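Please consult the sequence and the structure below while reading.

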Amino acid sequence: MINKVITKGEFEKFISGIIDANETIGPKQVDTDRDGKPVYQFRQVKSFGEMDLDYTITYSSVKNFFLPFREELSRFDFSEKDWDQTVEYRVNPRAIIGVRPCDINALNILDKVLIGGAYPSPYYLARRRNTFLVGMDHEPLEDCFCESLGQDTVHRGFNLFCEDIGDKYYLTIMSSKAFRFLENVKVTDPTKEDDIKFHERRKRLRDMFKTKVEMTGLQSVMDIEFKSPVWKKWGDKCLNCGSCAMVCPTCYCYGIEENIDVGLKSSRKERVQYSCNLVDFAEVAGGHNFRPLKEDRLKYRYYHHYRGFAQNGDEPICVGCNRCGRACLAGINPKDVINELQLES
Amino acid sequence: MDYKVPKQDINTDPLLSKSPDFNRKSAVMKTDKVYKCEIINIVELTEFEKLFRLKIADRTERELFDFRPGQFAMLEVPGFGEVPLSITSSANNKEYIELCVRKAGRTTEVLHQARLGTKLGLRGPFGTSFPMEEMAGCNILLIAGGLGLAPLRAPIYWASENRNQFKEVHVLYGTKEPAQMLFTYQYGEWEKVNNIKLHTIVEKGDSDWKGRTGLITELFDEVTIDPQNTYVIVCGPPVMFKFVCHHLNGEGIPMNRMFVSLERRMHCGMGKCCRCMVGSTFTCVDGPVFDYWSVLNLKEAI
Amino acid sequence: MEYLGIEPKKARIGVFDFTCCEGCELQLANKEDSLVDFLALVEVVNFREVSSDRGQDYDIALIEGSISREDEVERLKQIREKAKILVTLGTCACFGGVNSIKNRFDIDDVVSEVYGKNKVETLPVRKVSDIVKVDLAIPGCPVSKSEVERIVVNLVTGAAVNLPKYPVCVECKQKGNTCVVDLGEICLGPVTRAGCDAACPTGKTGCLGCRGAAEDANFDSLREILREKGHSDEAIDERLRFYNAFSEELKNEG
């Protein structure tokens, strides 16, 4: 890890250079909400000006650039008495600019699950390794609670991270690629003054958090409160619409679909993003549903998020971005659900 | 002025070294690549169950496919999908493997139409297994309900092939009707050649049925259990193993010597898709074989 | 599939329209990139919009439209007798569709409003399953051609035929849309069966529920949410009645 500082003018030159040379994804205003406020999403960008690096939060996370909603795992080509299987996972390199600490932490969690286990996913790994990731800090929103989970700062899982210290960015360089690219522009070693500004910035951001979620002992509480009436209360409101899982930066549960093409000459096997909230997630051949009730399914998503599974070292997988809470029409959000569980126990 | 992000080949990624990659140990991770195999025999066991004997086409791949009793494989019917099936043949057999398929959905229905020579795909083996070596010197009780005999056939082969290592070997098997009994053609061999004591029971007999009728737990009166020297393997519907394990727990058999094989609908088999989760546990990688203590600890298991 | 030793059988299909706009049939003739393959998969023995053949020898009957006249009832029953598999194609056939609006008025008023003094024989609108047994329902206004293609492929090859059981929101979020309920609209996306790729919300229009109820959909919760956003029960019911696709749910609410 090497630290440098860069003026905002030089930074624009640097990012423009990356955009010109690579397929680049960045935060962009795509819509306006009911109150006239901008709605942001990660989208492909062609110029620096198209992005809004001071964006509040993207409606959906950056996850689906690594785990597409639908992706081909393999295809079978049929011949008269036989078939051939093709597995293709290679992808072209690209850059993603302006990813927030919580979203990078989310990718680090997905790394554990999808490439750290016994059977690393070549599809995810190829996308991760071929992405040049530039992270940026930001002022938290009223309902952000990443700080409660210790996910408000990030120290790995990116190529370059930029913290705003006024007219300059304080850079954390994590890869030789980023170091080499920065040779194209003017960067300097941080001065004592820059270091002070860096600490002041971090402290100011930390003090801005208004939403606190009580995480103490939550993992065992999730086990103990497995039959809590809290689940029925929220389960009755839950639409089981999967919106939370779609916008979540870490929800990765999926299903496999196989479809024969119209010409009957080949078939595609696809990974399809799913959600444990959806009605048939735990349905088995023959029709039995292991989670027949809305509350079972809602609970299950929380159980996965806050208890954690062995595959990621029994750690919670939530990063506290509250995208699920914002997307939920029924007003179900981690802060209320968890704080209620914690008080009850 | 070069800002081009270089293309990175993941086949040289350091993470690869620890990937089992179905023992292919290839440079390319092929977690979704199947072993091509051919159906070399089909046995019609009952109206709904068929036994498929599969031979992996490539010799090297055939030698790599090394499984333990209790493990399962994903059987791919190209175009239709994959089904998780426990391997029911002998772990010692390197020539072919056998899978027992019940007609339960469209993929298995299509599979039932397949003929000799049909090419299918195989991924695996996956999951945990029965600790057969640990059982040496003890009695083994193998208790199966219905289709549950299929996963038990692999440990039965193990016990038969290493018969001198074990004391008494009992198979307790119950089905709803006599016509649902699997592998009936092998019972004589198990009893006469392999010295395995077979106890059967059906819930509802027919005119030809001369054996016992009732629930599987009633068979316990035919077996004398030495709790300090007995291992148990149970496979069947959740209500069955609940009663069986409860009974045997009362007899004093330690919980970590009773093994249960759980069934859920796996989609990936690799601990990722979460479709087969029971509580916080993946049936596909943490199971399907669990000891009774672990099962009691699983939320949603029974 | 040949490799399995299964010969894919060309499906002999007949397409029949009743009270409808024929828009779903038109969908079948759309999607040029796969039309040749699609037509190779089936043998069209009766399909007024694409062929002059009027064969009676079909395995699969695709029914478009709701039933609103006595002669339609008879014709439908005859088709049922000949067809091995009867499929309702589109919202009108599956639920009654927009046509069901007629059932809310006095039938004589309706006839005189539309046809003036000309006497027209007409019945209250019914969905196909009110009259004959339906083997498979493909909802949508209009149906999605890719869904029809997938289902026909599955029928021909013997693969499982499934519609999504979850609601439209899943697809809407995947599209990256801004939620139209948040924007102040009534949207039935949270209770409507997915499969349309969230076409209406993507166009900034609230879902009208043409694909009917998603499985175990939470109507009470959606109603509560919409009320809190300031929508009246009348407006919500009006939306639920649009395609007559939620008649069961409205009935249960009393």
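The points that follow treat the two interfaces in turn.

The structure is a predicted model. Within chain A, the domain assignment gives domain 1 (2-207) and domain 2 (218-344), and the area buried between these two domains is about 3200 Å². Between chain B and chain C, the buried area is about 880 Å².

**Domain 1 and domain 2 of chain A: extent**

- The C-alpha centres of domain 1 and domain 2 of chain A are 25 Å apart.
- On the side of domain 1 of chain A, 34 residues are in contact with 37 residues of domain 2 of chain A.
- Carbon and sulfur atoms give 56% of the area buried between the two domains of chain A.

**Domain 1 and domain 2 of chain A: polar and charged pairs**

- The side chains of A:Asp103 and A:Arg323 form a salt bridge, with an N to O distance of 2.9 Å.
- Across the interface of domain 1 and domain 2 of chain A, the rule finds 22 residue pairs in polar contact, both residues being at pLDDT 80 or more.

**Domain 1 of chain A: composition of the contacting side**

- Two elements of chain A, β4 (70-78) and α2 (101-115), are those that give two or more residues to the side of domain 1 that touches domain 2.
- The largest share of this side of domain 1 comes from β4(A), with nine residues.
- By class, the side of domain 1 of chain A that touches domain 2 has 18 nonpolar, seven polar and nine charged residues.

**Chain B and chain C: extent**

- The contact involves 11 residues of chain B and nine residues of chain C.
- Of the area buried between chain B and chain C, 61% is given by carbon and sulfur atoms.
- In chain B, the residues that lose the most area to chain C are B:Phe80, B:Arg106 and B:Arg115, which together make up 52% of what that side buries.

**Chain B: polar pairs and composition of the contacting side**

- Two residue pairs in polar contact, both at pLDDT 80 or more, are found by the rule across the interface of chain B and chain C.
- The elements α2 (106-113) and β6 (119-126) of chain B are those that give two or more residues to the side touching chain C.
- With three residues, α2(B) gives the most to that side of chain B.
- The side of chain B that touches chain C has, by class, six nonpolar, two polar and three charged residues.

Definitions and conventions
Residues numbered from 1 in each chain as written. Chains lettered and ligands numbered in written order. Predicted model: local features only at pLDDT ≥ 70, side-chain atom pairs only at ≥ 80, totals over all residues. Heavy atoms only, no water. Contact = heavy atoms within 4.5 Å. Buried area = accessible area lost by both parts, 1.4 Å probe. Polar contact = N/O pair within 3.5 Å; in protein donor to acceptor, adjacent residues only side chain to side chain. Helix = DSSP H or I, 4+ residues; strand = E, 2+ residues; numbered from the N terminus. Nonpolar A, V, L, I, M, F, W, Y, C, P; charged D, E, K, R; others polar. Domains from an automatic or database assignment. Salt bridge = Lys/Arg side-chain N within 4 Å of Asp/Glu carboxyl O.
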